[in-house]
Amino acid sequence: MAHTEWIHALEKVVGADHVISGSEAGTFAVDGKVPQAVVFPSTVEETSSVMAIASEAALKTIPWGAGSQMALGAIPARVDLVVALKHLNHLVDHEWGDMTATVQGGMRLEDFQQALGQHQQYLPLDPPFADQATVGGLLATNASGPRRLFYGTARDLLIAITVVHADGTVTKGGAKVVKNVTGYDMNKLYIGSLGTLGIIAEATFRVYSRIAWEKTWLAPFLTLDHAEEAIAQIMDSSLVPNALELLDKAAARRVTNRASIGWTDGQYALAASVESVAEEAVDTQIEEIGRISRKVGSPGGNLLHDEPHHTFWREVRDITPGTNGTAPRHLRAVLKGGVLISKVADAFRVGEEEAKAQGLDICIVAEAGSGIVRYYVSAEDRSLQQFVEGTVSTVERIRSTCEAQEGSLIILEADAALKTRIDVWGPVKGLKLMQGIKERFDPRQTLNPGRFVGGI
Amino acid sequence: MSSGPVNQTRRQSAFDAADPPEEKKYLECIHCGLCLPSCPTYLEMGNEMDSPRGRIYLIRMADEGKIGITDSFVKHMDACLLCRACETACPSGVQFGSLMEKARGQVERKYKRRLSQKLLRRFILSVFPYPDRVRAMLKLGRSSQRLGLRRLVIHGGLSKSLQIMEELLPPPDEVPADIPLPRVTPAEGTPKFRVGLLTGCVQQVLYPQVNAATVRVLARNGCVVVIPREQGCCGSLQAHEGGLEPAKAFARKTIDAFEQAKVDYVIANAAGCGSMMKGYADLLKEDPLYAHKAETFGQRVRDALQFLHQIGANGRYGPLPLKVTYHDACHLVHGQQIRNEPRALLRSIPGLQLIELKESDFCCGSAGIYNLLEPEYGVRFLERKVDNIVATGAEIVTTANPGCELQIAMGLRKRNITMKVLHPIELLDMAYQAGIAPRS
Amino acid sequence: MIQGKTRIVRELEKIVGPNAVIHTEEELRVYECDGATIFRALPDMVVLPATTHQVAEIVKVCHREQIYFVPRGAGTGLSGGALASQGGIIIGLNRMIRILETDVPNQRAVVESGVVNVWLAQKISGDGYYYAPDPASQTACTIGGNVAENAGGVHTPKYGVTTNHVLGLEVVLPNGETVEIGGKVLDPPGYDLVGVFVGSEGTFAIATTVTVRILHKPEAVKTLMGIFHNIEDASNAVSGIVARGIIPACLEMMDKLSIQAVEKWAKAGYPMDAGAVLLVELDGPKAEVEALADLVVEVFQAQRVREVRVAKNDEERELLWKGRKAALAAMGQIRPDCYLQDAVIPRTKLPIILKEIEELSQEYGLPVANVFHAGDGNLHPFILYDGRYEEEIRKAVELGARIMNRCVEMGGSITGEHGVGLEKQDFMPLMYTEDDLEAMMKVKCAFNPDQILNPGKIFPTSKSCVEVGQHKRDRIRYEPHRIEKEGLAQRF
């Protein structure tokens, strides 16, 4: 199909005002590659027709939610069409008595949370920039945040899904009940698949009630050894924090500063958040966490509740690279490592060391109870090339450390210049099987070609 | 594919009409599989033919005429320990022990064993139920130990079984001389019960001290203890191996002996015997003369420890500062569902520290005469048991069945471990003695 | 029938040893059914490997010879999943029973797939940990089997099912290749192969080792039993608990008929004349458990609860649960045979469906006992019948189908934890379109392209992977697959 032909076909499906092309499409560039057109379907049926056209015309197509995580992934092979889902944004249902809710993929998480909030319920997912991200986007990228320690990630919350496949076929998986083993668990397949298998059109979640009491103990530590010991002891107990976050000195300074919490520089911070229907259960646990921290050498500590508690966690979640989040965009990179719980402190050490050796600024935050470590790397006044060289070496070093401990390291966000130098995803177990799945779901390589693991 | 509801026409059963495993009993098995990990042979061999569910299925298939009493059928019936751990695990209450004994009865009549196997079985079953012959065996064993007869036997066809038999016998200096017990022992204080004691074939020869201790402890708890002279073997070894007719004969004799003695309760201190006697009703239910007698008799049978716990044994114990562990004899814990009583009694002894044994209710491999018939597996189960016993760090291991005592003692001896093996009632007896002795 | 069976027996014996290949008919009979005896199929052979390497070698033979093969754990499954329904070799994993590693500081354990569920819990109990998924058959079922079926249990309302606790697998693919997917560390890059593998009912590959998450035991546990006059009040109490946002560790319901059957066996002190019983278990920090218990009692009272009992110690708690866990087996007491359904319904619809089940029971003249995971809306109607009468079998199956239909109509699912297997494959179209099923087939074909592993399960009709891979428009040019030409498989 010729260029004008397929654009015309798209316009017939969604209406001319829901297709843009030319220079207007510039803001939808992915890793600098500008699409020929951007289409905005408003229904599942329209999305299906759009994909049928894209597939027919062999268009390399990229689904787009809020665009908050478009920096994730390898540089796409080609970009012809962006399918932007901001109009596919309705709440389908909220069965509050059953504690389930169904939304369209383009709905912003924030809007979804607001709807759920009418019945004092919410989806316990708190990924970075949660107020911008769309539900489909956070599923496709398997985004998560500190609360995963207690509530898990999307894979523990998603119970049904509707997907528009590369050829426009619409399928669903799962059911609107919290327990179900009918057929394969297709929900899992799409979570974190970065839109390479289909576009997430609808998603049904199990949701939770808001809990009355929630407080945080913020413990300073002078050394990583002490923090490490505190983490080990808290994890090896019957305490049930819903989040347990370790911040390096730079992150601690920034977050406390922004949340207006009194803080002495040069200390690591361990933050444990506890929630319960009973205030007493929160207080006794906070007390115990405080006791453990002091016992292993924490020189003090802050109790956070109400607004400071919420501000603190929002700042932790939305940290960006740079001393004050001000580094130039091309001199930033965010890395995400996965390690064993007992190796979190080691993952900090290697990051600190390597960044120092490379002369880069680094800020490290870990979901300590889950073994997820985020590195925010940046430079203020370096050339792009210098920054890329330093970061490549940092990634390689941390990656090999993580892999030695059965873990992995991926690049969440980086300039295209960095992505051309190093594999965003690193080595992947079971790649052949993944390629086999992709081949069967999208034999023409229509969706997000080249952006996922191993060139998928 | 043969799936879907099945409804076959019935073929000729592989079993005959004399005491076949009952359809009603095997149909109670709903094939849920909860019994599997409770079964020592399944754990050891990892195949379902050697699991309770599998054996029941084989029995059912044979009864439905789909398979015959073939070599492999017999192999899987023989391999069963009859420990009845599966009965404890079964939520449907399948009476596995009865099914297996009846299946073995059919095997004994309808299957031709190899000559050596046949002789071995005949030999064992002609010795153990008779105290005098056991006594003679013991002497022969002693002399063989002295004369190095062992080497001769080892080169024979049944070397392994006979070697085990010889090793099982305790060293001569460990077996006390016969302890004569009076026909009637009066109660200490006001008599509360009149009880009869089954002295057992193996128990009275190899562990006469256990019977003596039982009599003393019972008397101390207000029992007039009667030991009918007319009693013989309870028949359990025969029944185990499918000798249902001889077992019935022993059963009738036992019932008669204790009926004449006019006792309130019949006490057994060997778990195998107690379990057997409690189940006489099933064995004799086709016998018009004995069916009813067997039922009332069975209701009067108590294991010694069960009885003492039930009547609330008097606690005038002296202290025994000992570290003790307890092995559940299968026919006590699974056969009679007696688990807590022995432990409670042991714990009531001041100073005694009871250490729980890992896998305490897992068969030691003795299993009647299993250790002699299936020596290879018997030894494997024993090794597992001894490992667990050693891990407790106890000084004494107690168990309430002479077969287990022999087996465990053999296992300990082979590893040069000097831990003592006792019946719990011996410790109760010692504690009473300690209670009388003036304190220094 | 396998061509050249003797030759293959000999070859397999070389891999696993002579005691580990079962090939005589009377011994194979034992493997002709699993926990669901309504289905029977005689395998051609059973092989019992002891290591992953042996599994791989066996599978290579199957692949070379294109012999069907099926993995089997303890055979406690309830949907016929462990049957060689189209013949072939059963690979029994009952000799792969080692707990390879318990890594307490990292809250992980690695086990061989034949390890019995409860063994893991026993092993780590001393360290203060446990493994959350606890199906009723946990004393017998294997963790490998749990992975295949995505087994649930009673702790699911708070702790989820098997998939929420499995992080890594070592699997032998149907071509004999051994692959590791996932692992001890969270968020491995790429598709969530582990996630889609769990619950694939042994149709993707044979899992040989499983890496799981282990949890620290809670500070406090409280078990409450609410005794209700009738099932409506009890169902409303369930909805009340859910709607109040209380997440109990367990929330189980038993109706009158079940109470009577189970009490006869378990002697747990269940009242014989009650209309329904709710068992609630709360766990967590002590103060929280107490606060939740007060809330639960409030909800109970709003539904005219007759009596509330609280287990005072571990023994009493165990006793309350003992009866619940023995339910399946105890049903044998009412009628000789039992057809257990496993449909799921949104929890607010419980009162409606229970009433309908009662009506269906009357319509068909078959008793139906309900013992189920109320907290997840996972029904377990035990349809009781006498298998000696053809008519009763037919009625039982039809009654079951009617229940499934209604559950799906109300937004539910045909199976919550037992799996589809052979039992429910014909009901798949109730929930899924042909396209939905085809998407699932595509995943299966990525793992199992020749479909020699566990054929004939889950899907309502067989379909070769060649066809599944085709774009819709191209179907006209379809060439039948070899097995299809031989009549072993057919298209939609």
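Which residue of E14(C) stands opposite Met254(C)? In this predicted model, the residue opposite Met254(C) is Val277(C). The report begins with the sheet around this pair and then turns to a hairpin, a helix pair, a chain contact and model confidence.

**Strand pairing in chains C and A**

Strand E13 (residues 250-255) and strand E14 (residues 276-284) of chain C run antiparallel to each other and are joined over 6 bridges. Both strands belong to an open sheet of chain C, in which 7 strands follow the order E15-E12-E14-E13-E17-E18-E16 with antiparallel pairing. Strand E15 (307-310) and strand E16 (337-340) of chain C are its edge strands, each pairing on one side only. From one strand to the next, the twist averages 20°.

In chain A, strand E5 (residues 91-95) and strand E6 (residues 100-104) also pair in the antiparallel sense, over 4 bridges. Glu95(A) has Thr100(A) in E6(A) as its bridge partner. E5(A) and E6(A) make up a hairpin with 4 residues between them. Within the turn, Met99(A) has a positive phi of about 60°.

| Strands | Sense | Bridges |
|---|---|---|
| E13(C) and E14(C) | antiparallel | 6 bridges |
| E5(A) and E6(A) | antiparallel | 4 bridges |

**A helix pair in chain C**

Two packed helices are described by the angle between their axes and the distance between the axes. For H8(C) and H10(C), the angle is about 140° and the axes lie 9 Å apart. The crossing of H8(C) and H10(C) is right-handed. H8(C) contributes Ala237(C), Gly240(C) and Ile241(C), which meet Val296(C), Val299(C), Phe300(C) and Ala302(C) of H10(C). Sorted by class, this contact has 6 nonpolar residues, 1 polar residue and no charged residues.

**The contact between chains C and A**

Chain C gives 76 residues to the contact, and chain A gives 69 residues. Among the elements of chain C that give two or more residues to the side touching chain A are helix H8 (231-243), helix H10 (286-302) and strand E9 (178-182). H16(C) supplies the largest share of that side, 9 residues. By class, the side of chain C that touches chain A has 34 nonpolar, 28 polar and 14 charged residues.

**Confidence in chain B**

Chain B has a mean pLDDT of 90, with 93% of its residues reaching 70 or more. Over residues 1-8 of chain B, however, pLDDT stays under 50. The model has 18 contacts beyond four places in sequence for residues 1-8 of chain B. Where pLDDT is low, the predicted coordinates should not be read in detail.

Terms used
Residues are numbered from 1 along each chain as its sequence is written. Chains are lettered from A and ligands numbered from 1 in the order in which they are written. This is a predicted model: local features need pLDDT of at least 70, side-chain atom pairs count only at pLDDT 80 or more; totals for chains, interfaces and linings use all residues. Two residues are in contact if their C-beta atoms, placed from the backbone, lie within 7 Å. Ala, Val, Leu, Ile, Met, Phe, Trp, Tyr, Cys and Pro count as nonpolar, Asp, Glu, Lys and Arg as charged, and the others, Gly among them, as polar. pLDDT is the predictor's confidence in each residue, from 0 to 100. Two strands pair if DSSP finds at least two bridges between them. Axes are lines fitted to C-alpha atoms, for helices over the stretch in contact, and angles run from 0 to 180 degrees between N-to-C directions. A crossing is left-handed if the near helix is turned anticlockwise from the far one by less than a right angle, and right-handed if clockwise.
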